[in-house]
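Have a look at the model first, then read on.

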Amino acid sequence: MSEAIDPAGAGEDLTELARSLGGAVLAPTDEGFDAARRCFNALVDRRPAMIVRCLDADDVARAFDFARARALEVAVRGGGHNPAGHCVSEGGLVIDLSLMRGVEVNGDARTACSDGGATWLDFDAATQRFGLVTPGGVVGSTGVAGLTLGGGIGHLTAQYGLTCDNLVGAELVTPGGTVVRASSDENRELLWGLRGGGGNFGVATRLEFQLHPLRRVLGGLLIYTEAGIRDALRRFRDLAAHAPRDLSCQAVLTLDESLAPTLIVAPCYTGPDADPEGLRALRTAKGLAHDAVGAHSFLAQQHVFSPGYGVYRKYWKGHFVRELPDELIDELLERVVALGRPPGEVLIESLHGAPKDIEPASAALGYRDAAFNISVMASWLDAALDEQSIEWARATAAALEPWSISGGYMNYMQADEPIERVRAAFGDEAFERLQALKRRYDPDNVLHRNQNIPPR
Ligand SMILES: Cc1cc2nc3c(=O)[nH]c(=O)nc-3n(C[C@H](O)[C@H](O)[C@H](O)COP(=O)(O)OP(=O)(O)OC[C@H]3O[C@@H](n4cnc5c(N)ncnc54)[C@H](O)[C@@H]3O)c2cc1C
């Protein structure tokens, strides 16, 4: 840490803070500060006063103490992927968990404990050594904690449910500096709230998951071009309606360089069949231009999507929908053409299978009736395109409204979503229970840089 600068009017205190930590403090003139403040979303460009790189729960508690004493806004950083850029605040203190990446696996009990800053790459690499998995995110650099606390949809959703459904325990440091544990035996209500309620109640330093045996999958990408897209999307929709338990599926509608619509489908089959029926329907659809589906390791499946970090400006908006009728498919195709340039996409995630099995009272998350999560994802490089790109995402998301069953998916929300949308993602009753938890664990709303659940 540089002692020359005094970002919060507290140079000496900063030095003392750094000495009290197992981890480190980065100030704005320190090497690595710029990389450490970057978010996945290049639209977010904030300069915090300091970044506290914690090593354990004690470090997190000290960071909270320091922020409280100096009235600094707190942001919490895991993998840095939240599209709203909640992991960094202007002039505030960032609790950065990126040095806390350990994952301990108990192969006999089929459980794994992940430190608060582990990514899915860390997690999957550790659990796959035992031939075990939990259903996580589809991009390895995304934070395990951030994704889990907001829900978690990925390549194994139909098989094993949402990521938060597989969370069985957690250790949190509250903004008051207290260490709290949640499990089925201890603070059950908090565990319920952590299954979807986001980073509202404390900094998770440990998360415990149940695991499932899995080594190989039949997966990869199928790419369809213009003429066959409508038919392929209908087949994707019909496949999800039959709810195959061993086949998860996501679809991405985008434009290629020639401005022709393109559909990318990412299936992940875990059953015993070499040529499963549901997948065959997709692989025989007319318009299939590229079939890169094959048997490979689960780790290979986790690499089928690998976007660059911090490159594009992003604006995401979406809805959980009850159905995907032909009319909506046609509307989405028109909206993608209206984008007029790549990149940018509409992501359609199927929620069939295991997410519907869960006892609704076990998790705060409230969109179990939805057939799909549809997210409009604008991406662009040039700041001059900000307004136009954001407007495209908003208008396209508005076209989904007639089919929407709730607010949007917490994990994909921008910072400008009104509280009604956050509330609708849970429903009134669950939202009020979450508010009661917030009053108990963070009554002053220190943790408000998130999809916020205000204490009252
Ligand atoms: C490229 C990309 C791929 C994605 N893929 C998926 C996917 O497959 N499935 C899916 O469901 N979502 C996915 N997401 C969304 C992602 O789950 C959320 O944006 C999530 O918030 C990211 O967590 P993070 O730790 O990486 O982000 P950060 O920006 O570091 O953190 C986001 C917020 O999470 C909270 N948080 C993070 N860590 C902790 C912690 N240890 N304790 C308490 N709070 C914490 C904080 O409120 C923080 O502000 C993806 C996002 C991107 C950009």
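Is R206 buried, partly exposed or exposed? R206 is partly exposed, because its relative accessible area is 25% (buried means under 20%, exposed over 50%, partly exposed in between, with a 1.4 Å probe and protein chains only). A quick word on ground rules: this is a predicted model, where local features need pLDDT of at least 70, side-chain atom pairs count only at pLDDT 80 or more, and totals for chains, interfaces and linings use all residues. Residues are numbered from 1 along each chain as its sequence is written, and side-chain values use heavy atoms, with hydrogens and water left out.

**Charged pairs**

Side chains of opposite charge can pair when their charged atoms come close. The structure holds 28 salt bridges (a side-chain nitrogen of Lys or Arg within 4 Å of a carboxyl oxygen of Asp or Glu). Here are some that link distant parts of the chain:

| Pair | N to O distance | Residues apart |
|---|---|---|
| D115 and R206 | 3.1 Å | 91 residues |
| R368 and D165 | 2.8 Å | 203 residues |
| R313 and D386 | 2.9 Å | 73 residues |

R206 sits in strand β10 (residues 203-210), and its partner D115 in strand β6 (residues 111-115). (Helices, H or I and at least four residues, and strands, E and at least two, are DSSP runs numbered from the N terminus.) D115 counts as buried, because its relative accessibility is 19%.

With R368 and D165, both residues are buried. R368 lies in the loop between β17 (345-350) and β18 (372-380), while D165 lies in the loop between α6 (157-160) and β8 (167-173).

R313 belongs to strand β16 (residues 313-321) and D386 to helix α12 (residues 386-400). At 18% relative accessibility, R313 counts as buried too. Elsewhere, D34, R37, D45 and R47 form one network of salt bridges with shared partners.

**The four-stranded sheet**

Now for an open sheet with mixed pairing, whose four strands come in the order β1-β2-β4-β3 (two strands pair if DSSP finds at least two bridges between them). β1 (24-26) and β3 (74-77) are at the edges with a single partner strand each, so one side of each has no neighbour in the sheet. On average, neighbouring strands are turned by 25 degrees against each other, direction ignored (axes are lines fitted to C-alpha atoms, for helices over the stretch in contact, and angles run from 0 to 180 degrees between N-to-C directions).

β1 and β2 (residues 50-53) run antiparallel, joined by three bridges. V25 has V52 of β2 as its bridge partner. Helix α3 (residues 57-70) packs on the sheet and touches β2, β3 and β4 (93-96) (contact means heavy atoms within 4.5 Å). The direction of α3 makes about 175 degrees with that of β4.
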